[in-house]
Amino acid sequence: MTKSVPTSAATPEQNRPLLGIALAIVAMFFFTNQDAVTKVLIQDLPISTVVLVRYTAFTLFAFALAAFTGPHASRGVLKSLQSPVRLMHVLRGLLLVYEIFIFSFGMRHIDLGLQHALFSVFPLIITALAWPLLGERVGPWRWGSVLVGFIGALVIIRPGLTAFNFYTIFPILAALMYALYNITTRRTGRSGDSFQTSMVYLGLVGWLAVLPFGLWQWVTPQGSQIGLLAILSATSIIGHGCMILALIFTQASVLQPLNYLLLVFAFCTGFLYFGEIPDLFTVIGGAIIVASGLFIILRERIRAREKALG
């Protein structure tokens with residue numbers, strides 16, 4: 001999965017929040033369906049084959065975006081190759097592609113809704129790591145929210161009350177890697193590189209990282225698998241395209257809470273495609289995690305308003 005919300009570059013002339021929110025919701029819908037298609041494909045194909053095809057399509061999309069949005073974007077990509085921040089771009093690209101591997105492996109073994117419920121802790125992990133890795137101040141209210149969110153994860157896993165499911169580790173590990181990816185995104189965002197440059201690095205680094213594994217374990221898709229891979233590539237590109245447009249029309253801080261729609265869509269998609277019905281503990285734990293994350297977003301906005309007022 002690739003669901004990032006980078007810094008918005010919306011201008012007053014482009015500020016159309018309702019359109020941006022609508023596009024972001026469409027993006028979340030496509031991202032969730034992307035996960036559902038992945039879950040079907042990896043039952044019969046190696047994960048590396050699926051990820052290689054997906055990254056090939058994404059990389060072509062990223063280069064096309066840089067080429068067609070003007071020569072300044074292409075020059076920015078070339079200029080960043082000599083920039084000291086390029087190592088940070090490489091690191092975030094590796095974090096994202098390996099997060100996708102781990103997330104996909106978890107999807108092979110557990111329900112889609114459960115997977116997303118546990119993965120929803122990633123904003124809380126970002127908050128917990130913001131102080132040691134970014135030097136950002138994290139107050140007691142936000143630390144409390146992080147603690148409550150992890151209690152929500154424990155409600156879902158229920159250690160000691162049920163037989164331990166080893167595979168529930170994977171969405172949490174994926175959430176950790178995705179949180180680190182977001183933190184490195186903040187660091188690279190300070191360099192002034194364009195969104196197109198960021199997208200090219202994400203695609204190219206991920207493609208190069210997965211290429212040896214994809215070729216080594218390559219299984220040629222057959223029949224309906226070819227169509228599903230085409231759908232997977234299309235959903236990824238459409239989802240990212242809608243998110244790019246959403247960020248043009250709306251500030252990223254407005255769109256951030258919509259990340260939690262992924263959990264709602266995952267429950268619905270899991271039921272429609274796979275007949276999965278989340279148990280009560282998964283729903284309660286997921287609700288606790290979402291509430292904790294939304295509270296952190298609220299605290300961020302309060303702090304921003306207090307700073308603006310002096």
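Predicted model: local features only at pLDDT ≥ 70, side-chain atom pairs only at ≥ 80, totals over all residues.

Guide: What follows is a look at a salt bridge and its setting, then at the aromatic pairs. Residues are numbered from 1 along each chain as its sequence is written, and side-chain values use heavy atoms, with hydrogens and water left out. The protein averages a pLDDT of 80.

A search of the whole structure gives one salt bridge (a side-chain nitrogen of Lys or Arg within 4 Å of a carboxyl oxygen of Asp or Glu). Lys-39 and Glu-276 form it, with their closest N and O atoms 4.0 Å apart. The partners sit 237 residues apart: Lys-39 in helix H1 (residues 17-41), Glu-276 in the loop between helix H12 (261-274) and helix H13 (280-308). Helices are DSSP runs (H or I, at least four residues), numbered from the N terminus.

Lys-39 is buried at 8% relative accessible area (buried is under 20%, exposed over 50%, partly exposed in between, with a 1.4 Å probe and protein chains only). Glu-276 is buried too, at 9%. Lys-39 also lies over the face of Phe-274, 5.7 Å from the ring centre (the rule: NZ of Lys or CZ of Arg within 6 Å of the centre and within 35 degrees of the ring normal).

Now the rings. Phe-103, Phe-119, Phe-122, Tyr-178 and Tyr-181 are linked into a cluster by ring pairs (centres of Phe, Tyr or six-membered Trp rings within 6.5 Å; planes under 30 degrees apart are stacked, over 60 edge-to-face, the rest tilted).

Methods:
pLDDT = per-residue confidence, 0-100. Helix = DSSP H or I, 4+ residues; strand = E, 2+ residues; numbered from the N terminus.
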